[in-house]
Amino acid sequence: MAAASRVVLGLGGCVDYELKLTAGVLERLVAGYDIVELTPPATVADERDLVVSILSYVARGGGGEHFVASAATLSTFADRFPHRTTLGGTSVRAGLVLDRLGVPSTQHLVSVNDVVRRLLPASTEYVSSGAEDTFYPHLIVQYDRGLAVPSLGITAPFPNRLIYVNDLANESMALTGELGDRLARAKVFLISGFNAMRDKDLLDRRLDTLRTHLRRLPAGAVTYFEDAAYHEPAFSRRVREKLQNHIDVYGLNEDELQAYLDRPVDLLSARDVAAALTEVHALIPVPALVLHTKYWAAALGESANLVEALETGTLMAAVRYCHGDDFTDADVAATRRRPRRPADFAEALRAELGDRVRCVPGFALDVADPTTVGLGDTFVGGFLSAIAKGRSS
């Protein structure tokens with residue numbers, strides 16, 4: 001079996017339409033749809049709902065992911081802006097980072113098409129559960145800090161990204177029978193993607209099938225689970241309950257952390273963060289809980305050997321923020337030399353939680369045109385590279 005199978009990434013990727021919001025187009029949409037208030041819709045049914053949903057996030061600088069009832073709505077909205085076609089999904093974006101860092105991988109995909117075949121790196125093998133080519137592009141919306149929509153009196157306090165999806169392949173999340181054979185020699189396995197599923201019985205069957213495949217993992221293999229915004233929020237608990245005993249590292253961002261707690265968390269208060277991490281770790285009692293944020297990244301639990309993984313994940317996310325997909329080795333070196341945020345927070349968090357926690361500060365970045373898409377995925381790729389190279393355990 002090829003060396004690529006030592007790192008297996010799953011469970012589904014996608015094609016993304018990436019765009020950046022502009023005030024002029026948004027103002028025209030607000031006027032055209034007669035939008036006067038921002039009450040987020042329970043279901044994004046059409047383009048008007050989509051615009052309201054997007055602007056409600058922009059108003060608070062938030063990020064999120066949602067199912068959209070009409071696939072045509074995604075293409076209609078994307079065509080209003082200049083956009084580019086890329087590969088997406090946590091597993092695929094993490095694989096792109098691993099490729100740049102010299103770590104080959106095997107992708108488990110649920111949808112393949114000519115775009116996927118063209119854009120996957122040469123070092124990346126793939127297996128797919130799809131019987132034929134399918135194409136379900138995701139809408140990835142970026143916005144900059146300061147984006148203003150004066151007619152509604154809103155200005156974005158932070159840059160962020162939003163994901164809108166109508167993807168039958170990821171919604172079904174079929175698993176190929178080859179997965180177990182790939183896992184049998186894996187050193188690292190990334191699990192992501194169940195958040196797109198919407199049928200409870202089908203979800204249970206997929207989780208049971210995955211647990212069967214997971215029994216093929218050799219002793220010492222590391223299973224990393226990356227959280228996400230669930231299209232059916234109640235399914236998050238179901239996935240955790242089924243997979244928790246198989247997970248070594250559970251990763252999430254600040255949006256997902258606060259969703260679990262149902263309260264805001266001051267990310268610059270060590271006391272507030274310590275309480276939040278402790279509460280979520282009690283809910284998700286895995287060996288290591290990893291939280292990656294725009295200010296710092298931390299691991300709670302069996303964290304002593306994860307510093308290099310946290311450092312590499314933080315560095316690669318910063319590189320992407322500054323340079324997007326087209327970064328060079330010189331860009332990585334230059335980013336590494338950028339000033340870091342003060343170490344005071346990390347020291348204060350260690351004082352609160354003791355040796356159970358490791359925390360590395362993020363980079364102090366002031367970028368005129370940042371990339372906000374895929375930062376968490378890029379962190380995961382950097383993190384896993386350190387595991388795969390034996391620099392963290």
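Student: Where is the place of D262?

Tutor: This is a predicted model. In it, D262 sits in the loop between helix 10 (254–261) and helix 11.

Student: Is D262 buried or exposed?

Tutor: D262 has a relative accessible area of 71%. Because exposed means over 50%, D262 counts as exposed.

Student: Where does D34 lie, and what is its phi?

Tutor: D34 is also not a glycine, and it has a positive phi of about 55 degrees. The loop that holds D34 runs between helix 1 (23–32) and helix 2 (47–58). The relative accessibility of D34 is 57%, so D34 is exposed.

Student: Which peptide bond is cis?

Tutor: As a general rule, most peptide bonds are trans. In this model, the bond from G10 to L11 is cis, with omega near 20 degrees. L11 belongs to the loop between strand 1 (7–9) and strand 2 (14–20).

Student: How many residues has the largest nonpolar core, and which of them have the most contacts inside it?

Tutor: That core has 52 residues, and those with the most contacts inside it are F189, F194, L210, L243 and L349. Helix 11 (residues 270–283) supplies the largest share of this core, namely 6 residues. There is also a second, separate core of 31 residues, which includes L29, V52, F77 and V141.

Student: How is the packing of two helices described?

Tutor: One gives the angle between the two axes and the distance between those axes. For helix 12 (residues 307–323) and helix 15 (residues 375–388), the axes come within 7 Å and cross at roughly 140 degrees. The crossing of this pair is right-handed.

Student: Which residues of helix 12 and helix 15 meet, and what are their classes?

Tutor: From helix 12, the residues include L310, G313, M316, A317 and Y321. In helix 15, the residues they meet are L375, T378, F379, G382, F383, S385 and A386. By class, the contact of helix 12 with helix 15 has 9 nonpolar, 6 polar and 2 charged residues.

Terms used. Residues are numbered from 1 along each chain as its sequence is written. This is a predicted model: local features need pLDDT of at least 70, side-chain atom pairs count only at pLDDT 80 or more; totals for chains, interfaces and linings use all residues. Side-chain values use heavy atoms; hydrogens and water are left out. A nonpolar core is a set of buried Ala, Val, Leu, Ile, Met, Phe, Trp, Tyr and Cys residues joined through side-chain atoms within 4.5 Å. Buried means under 20% relative accessible area, exposed over 50%, partly exposed in between (1.4 Å probe, protein chains only). Helices (H or I, at least four residues) and strands (E, at least two) are DSSP runs, numbered from the N terminus. Axes are lines fitted to C-alpha atoms, for helices over the stretch in contact, and angles run from 0 to 180 degrees between N-to-C directions. A crossing is left-handed if the near helix is turned anticlockwise from the far one by less than a right angle, and right-handed if clockwise. Contact means heavy atoms within 4.5 Å. Ala, Val, Leu, Ile, Met, Phe, Trp, Tyr, Cys and Pro count as nonpolar, Asp, Glu, Lys and Arg as charged, and the others, Gly among them, as polar.
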